[in-house]
Amino acid sequence: MAALFISAENQIQRLNFLMEKIGSLQSLPIDMLTSAPNTQAWSILEIIEHLNIAYGHYVDKVSDALNRAKPIENDKEPFKARIWQGFIINGQRPKGQTRKWKMKTMKRFEPEAIDTTHGKDHLGPTFEQFQHLHGHLKEAILMGRHKNLRHMKIPSAIGSIVNFYLPEAFEFILCHAERHLVQIEETKEILSKKEL
Amino acid sequence: MNDDAFEQLCSFFSEIPFTDAQKVGFRALWSTTEVPKGTLITEAGKIERYFYFVLEGVQVLYILDQKGEKVVLGFSYAGGPSGVFDSFIAQQASPTFLEALKPSKLLKINLDAYQSLFEQFPEFHKWGHHFFREVLFGRLFREVEILTMSAEERYIAFMQRCPDALKVIPQKYLASYLNMKPETFSRLRSSTTY
């Protein structure tokens with residue numbers, strides 16, 4: 001398997017795209033945001049909630065590791081992910097518009113039922129929280145450009161069975177979100193066809 | 001902005017015959033920003049909000065290739081303009097990054113203020129014509145260099161016109177700009193006179 005090289009600039013570009021894309025979903029009709037394509041699937045809003053829950057597990061760990069990391073002066077070369085971590089990251093990464101290896105979500109990452117009886121304005125906090133949390137991720141990636149992250153290790157959200165160096169963690173979180181962005185596009189398409 | 005900075009800015013817009021009163025209004029449209037080395041002044045995926053004039057420092061404009069590696073498109077430095085012009089004018093997400101390679105001091109103007117200059121001063125159309133002609137000719141010249149010259153010829157042509165400010169930035173950026181490997185750039189630097 002080819003080595004996975006990770007660069008902060010690449011992550012920032014993708015994260016900007018992701019944040020813009022999720023932000024633009026807010027203009028969709030409420031039915032499109034809150035309807036699930038089938039009883040087993042999530043609605044778009046639930047997918048965004050899931051992303052908020054997932055990154056919520058990393059916020060303190062990322063902040064703490066960044067605070068401990070030492071500043072560096074020199075230009076950084078791309079970070080080479082370790083083999084096992086690279087494998088896990090690439091397992092999340094969507095291939096084009098396809099999600100590989102669909103998996104069951106652990107209970108603690110499942111979104112809670114969203115009250116939709118108060119109209120669309122009531123859904124705003126989910127989007128705001130997404131922008132807030134992923135704004136934190138972006139700040140962390142930007143700060144990390146000026147710090148030595150080579151030895152800053154954090155446990156993944158599923159526990160210390162998988163640990164990441166910070167650049168690996170950022171990449172995993174991004175790939176996970178990109179995977180769900182594909183799911184959102186699939187959901188939009190299915191719901192649009194149902195309307196027809 | 002101090003008087004010296006304003007004088008530098010006015011000399012960049014030397015075609016515009018400002019009256020003293022107009023100069024006051026023109027000056028008020030600009031603000032100063034200072035960024036440390038390594039700052040991403042403009043990020044790919046975001047809309048460029050400003051047109052910049054460089055007072056100090058060197059900035060690099062680059063795009064990421066499919067492997068995520070930086071491909072340098074150009075540099076900006078003291079006395080000249082900076083920014084991602086296509087994103088600024090079209091107000092569309094920038095495909096490129098603008099990064100400070102040295103601590104940088106810049107004057108900036110937003111799009112509304114920039115456009116108001118063309119409405120207030122007809123001479124700005126002449127300035128705009130000259131400016132974008134220079135940008136276009138520069139890009140065409142570079143395209144010809146990249147497509148027709150050998151690495152050594154590109155190196156010599158670049159070093160002959162290269163301002164001193166660019167000679168102190170990391171070689172990998174110059175090498176990328178010249179579409180060659182850093183090792184090739186290093187070899188040419190030690191073996192070629194220009």
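Modeller: A crossing is left-handed if the near helix is turned anticlockwise from the far one by less than a right angle, and right-handed if clockwise. The model discussed here is predicted.

Colleague: Is the crossing of α4(A) and α6(A) left-handed or right-handed?

Modeller: Helix α4 of chain A covers residues 59–68. Its axis lies 11 Å from that of α6(A). The crossing of the two is left-handed.

Colleague: Is α4(A) roughly parallel or roughly antiparallel to α6(A)?

Modeller: The two helices pack at an angle of about 20 degrees. Angles under 35 degrees count as roughly parallel. So α4(A) against α6(A) is roughly parallel.

Colleague: Which residues of α4(A) meet α6(A)?

Modeller: On the α6(A) side the partners are L133(A), H136(A), A140(A), M143(A) and G144(A). By class, the residues of the contact divide into 6 nonpolar, 2 polar and no charged. From α4(A) come V59(A), V62(A) and L66(A).

Colleague: How does α1(A) lie to α6(A), roughly parallel or roughly antiparallel?

Modeller: Helix α1 of chain A is residues 8–24, and α6 of chain A is residues 124–144. Their axes come within 10 Å and cross at roughly 170 degrees. Over 145 counts as roughly antiparallel. Therefore α1(A) to α6(A) is roughly antiparallel.

Colleague: How many charged residues are in the contact of α1(A) with α6(A)?

Modeller: α1(A) brings A8(A), Q11(A), I12(A), L15(A), M19(A), I22(A) and G23(A). They meet residues of α6(A) including F127(A), F130(A), Q131(A), H134(A) and K138(A). The contact holds 10 nonpolar and 5 polar residues, and the charged count is 1.

Colleague: Now the whole of chain A. What is the pattern of its elements along the sequence?

Modeller: Chain A has 7 helices and 4 strands. In sequence order they read β-α-α-α-α-β-α-α-β-β-α.

Colleague: What is the radius of gyration of chain A?

Modeller: The globule rule gives 16 Å for 196 residues. The value for chain A is close to that, so the chain is as compact as a globular protein of that length. Along its principal axes the C-alpha trace spans about 55 × 35 × 30 Å. The radius of gyration of chain A is 17 Å.

Colleague: What share of the residues in chain A is buried?

Modeller: A residue is buried if 20 or more other C-beta atoms lie within 10 Å of its own. Chain A has 196 residues, and the buried share is 30%.

Colleague: Which share of the contacts in chain B comes from residues 24 or more positions apart?

Modeller: Chain B has 8 helices and 8 strands. Buried residues make up 24% of its 194 residues. Counting contacts in chain B with a separation of 6 or more, residues 24 or more positions apart account for 72%.

Colleague: How are α6(B) and α8(B) set to each other, roughly parallel or roughly perpendicular?

Modeller: α6 of chain B is residues 151–161, and α8 of chain B is residues 182–191. Their axes come within 10 Å and cross at roughly 65 degrees. The band 65 to 115 counts as roughly perpendicular. Therefore the two helices are roughly perpendicular.

Colleague: Is Q91(B) buried or exposed?

Modeller: Q91(B) sits in the loop between α3 (85–90) and β7 (97–100) of chain B. Its phi is near 55 degrees, positive in a residue other than glycine. It has 10 other C-beta atoms within 10 Å, and 12 or fewer is the cut-off. So Q91(B) is exposed.

Colleague: What is the phi of N179(B)?

Modeller: N179(B) lies in the loop between α7 (171–177) and α8 of chain B. With 16 C-beta neighbours inside 10 Å, N179(B) is partly exposed. It is not a glycine, yet its phi is positive, about 60 degrees.

Colleague: How many residues does chain A give to the contact with chain B?

Modeller: Chain B gives 10 residues. By class, that side has 4 nonpolar, 3 polar and 3 charged residues. From chain A the count is 13 residues.

Technical notes: Residues numbered from 1 in each chain as written. Chains lettered and ligands numbered in written order. Predicted model: local features only at pLDDT ≥ 70, side-chain atom pairs only at ≥ 80, totals over all residues. Axes fitted to C-alpha atoms, helices over the stretch in contact; angles between N-to-C directions. Contact = placed C-beta atoms within 7 Å. Nonpolar A, V, L, I, M, F, W, Y, C, P; charged D, E, K, R; others polar. Rg over C-alpha atoms; globule rule 2.2 N^0.38 Å.
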